[in-house]
Amino acid sequence: MRHMYLAVIQMKTTEDKLTNLKTATKFINKACEQKVDMVILPEMFNCPYNTSNFPIYAELENGDTYKYLSDLAKKHKVYIVGGSIPEKDFNGNIYNTSYVFDRKGKQIAKHRKVHLFNIQIEGGQYFKESDTLNAGNNVTTFNTEFATFGLAICYDFRFPELSRMMVNNGAKAIIIPASFNLTTGPAHWEILFKSRAIDNQVYTIGCSSSRDCSASYISYGNSIAVSPWGEIINRMDEKEGYFICKLDFSYVDKIRNELPLLSHRRLDLYNQNT
Ligand SMILES: NC(=O)CCC(=O)C(=O)O
């Protein structure tokens, strides 16, 4: 089958982990009533996005949140891209990690955010993930019966090389659990999703947490899905909710055949300069 249905859940993250898991469950249950194939959650969906929280909320692989998502995937026979959570390893290192589960609840991918979000914009957003997080080192893709997907987390999406590596590994859609903010969101969010989609001739999907103006980090929201032609298929506002979008992979092939960008690349030239 060349098409599938994807639910993008823009949920609010509170300080109570169990409440966050229950919110995710409520939306996953609702989306699954509409027979979706895959559900996506936002970045740090079980922990308020704040560096001091990451060590407190961090879980080892196979921890409570992991099992919770795996059980939900199995129950609904659906793929779950588990946004991201703070993951700790046995050495005490903490990562911003996204797990993907298949329809049987088996883990089929794991992405540790590779570019840590350290920014300081004058009069705007400051954040320093490296205060408490370590960076991952892998380019992540995973296979489904529909297509190969690329997966990265939020700030990772600003680095076109990473998306291109996913596409070189076969990705026809790129999924980004995210939480942009009120400084960079209005300026760059939409254009990044359009640019990466057009450059790579892929679907790009950004799943954000909803906006909570009382939080220390205020999320932009605006979860989005863009087609390989650069058309916005869905875009939310800042509020909690979800959308379901159809991904048609024959459309990716059509665009790539008609405008064969990827095969027109002059790799002989580029390699000399990189
Ligand atoms: N959580 C993040 O990585 C935020 C990235 C972001 O806001 C950006 O502008 O990039």
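This is a predicted model: local features need pLDDT of at least 70, side-chain atom pairs count only at pLDDT 80 or more; totals for chains, interfaces and linings use all residues.
In strand E12, glycine 206 is the bridge partner of isoleucine 176.

Residue numbers start from 1 along each chain, as its sequence is written.

A word on terms before going on. Helices (H or I, at least four residues) and strands (E, at least two) are DSSP runs, numbered from the N terminus. Two strands pair if DSSP finds at least two bridges between them.

**Around strand E11**

E11 and E12 (residues 203-208) run parallel, joined by six bridges. Strand E10 (residues 148-151) also runs parallel to E11, with four bridges joining them. Here phenylalanine 149 sits opposite alanine 173 in E11.

How many of the residues of strand E11 are buried? Eight of the eight (residues 171-178) are, so the strand is largely enclosed by the rest of the structure. A residue is buried if 20 or more other C-beta atoms lie within 10 Å of its own, exposed if 12 or fewer, and partly exposed in between, with C-beta atoms placed from the backbone.

On to E10 and strand E9 (residues 140-143): these two run antiparallel, joined by four bridges. They form a hairpin with four residues between them, and threonine 140 has leucine 151 in E10 as its bridge partner.

**The core**

A nonpolar core is a set of buried Ala, Val, Leu, Ile, Met, Phe, Trp, Tyr and Cys residues joined through C-beta atoms within 7 Å. The largest one has 70 residues, and Ile9, Val39, Ile40 and Ile205 touch the most other members. E11 gives the largest share of this core, six residues. Leaving out residues up to four places away in sequence, isoleucine 40 touches several residues, including Leu6, Val81, Ile175 and Cys207; contact means C-beta atoms, placed from the backbone, within 7 Å.

**Around the ligand**

Among the residues around the ligand are Glu43, Phe117, Arg158, Asn181 and His188; a residue counts as near if its C-beta atom, placed from the backbone, lies within 6 Å. By class, this shell has four nonpolar, four polar and two charged residues.

Methionine 44 and asparagine 62 both stand out for their backbone angle. Is methionine 44 buried or exposed? Methionine 44 is buried, while asparagine 62 counts as exposed.

| Residue | Phi | Loop | C-beta atoms within 10 Å |
|---|---|---|---|
| Methionine 44 | about 45° | between strand E2 (38-40) and helix H2 (53-57) | 28 |

**A helix end**

Glutamate 33 has its place in helix H1 (residues 17-33). With 9 C-beta neighbours inside 10 Å, glutamate 33 counts as exposed.

Conventions. Ala, Val, Leu, Ile, Met, Phe, Trp, Tyr, Cys and Pro count as nonpolar, Asp, Glu, Lys and Arg as charged, and the others, Gly among them, as polar. Two residues are in contact if their C-beta atoms, placed from the backbone, lie within 7 Å.
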